[in-house]
Amino acid sequence: MELAQFLEELPRGDLWIFGYGSLMWSPGFGHAERSVGLLRGYHRALCILSTRYRGTHRKPGLVMGLCRGGSCWGMAFRVRAARVRATLARLWRREMPRRVYVPKLVPVRIHRGRRVCALAFLADPHHPLYMRELDLHSRAQLVAQGIGQRGRCTDYIRNTLEHMYALGVTDPHLARVLETAEAIRLRAASRRAR
């Protein structure tokens with residue numbers, strides 16, 4: 001979806017934005033308020049090949065998207081109405097250059113049970129960079145090799161996990177992927193040192 005089309009359909013007023021990966025710890029935009037948020041009906045998944053920010057075309061990394069089913073804890077940010085257009089322009093440059101995400105307004109529960117309508121970037125299962133079926137080792141291999149414009153894929157996963165832990169949320173599968181990826185990197189470094 002183009003930004004202009006999204007803006008046409010967007011209700012006026014302040015906008016909440018839901019972060020579940022790097023947007024949790026590095027939103028890249030100013031906000032008037034932030035709150036831990038729970039999104040039901042979607043879960044965080046390592047499902048998108050990264051050939052720019054956390055990998056290259058020769059050695060892609062793997063980043064997160066929201067996929068149908070389950071639930072996801074993250075961080076919700078409220079952007080004042082006067083800053084919505086500029087914030088969305090910045091987010092579109094960051095999240096939408098390859099159109100691997102589908103922007104959607106979704107219901108998110110924030111502090112004290114309050115519900116807000118928030119923008120979330122959902123994984124597009126029809127996009128060529130979307131990875132449907134990967135086992136633990138395949139995911140870890142992509143995470144281990146991924147280094148792009150924003151750094152190592154392992155750092156991306158570690159930062160996400162640390163911020164999830166700070167919210168009181170755990171993700172054993174994501175932690176296993178990171179642990180396996182770091183072991184793969186260690187073995188590769190050991191072989192190179194011989």
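## Salt bridges

Six salt bridges are present in the structure, a salt bridge being a side-chain nitrogen of Lys or Arg within 4 Å of a carboxyl oxygen of Asp or Glu. One of them joins Arg99 to Glu2, with the closest N and O atoms 3.1 Å apart. This pair links distant parts of the chain, 97 residues apart: Arg99 is in the loop between α3 and β4 (101-109), and Glu2 is in the segment before α1 (3-9). Helices (H or I, at least four residues) and strands (E, at least two) are DSSP runs, numbered from the N terminus.

## Basis of the model

This is a predicted model, in which local features need pLDDT of at least 70 and side-chain atom pairs count only at pLDDT 80 or more, while totals for chains, interfaces and linings use all residues. Residues are numbered from 1 along each chain as its sequence is written, and side-chain values use heavy atoms, with hydrogens and water left out.

## Cavity

There is one cavity of 30 Å³ or more, a cavity being a set of points on a 1 Å grid over the protein atoms alone where a 1.4 Å probe fits but cannot get out.

The lining of the largest cavity has 23 residues, and Tyr53, Val63, Arg94, Glu95 and Tyr101 lie nearest its centre; lining residues have an atom within 4 Å of a point. β2 gives the most to this lining, with three residues.

Note on methods:
1 Å grid on protein atoms, 1.4 Å probe; cavity = no way out; pocket = protein on both sides within 12 Å on 5 of 7 lines; lining within 4 Å. Points joined across faces, edges and corners; volume = space filled by probe spheres on them.
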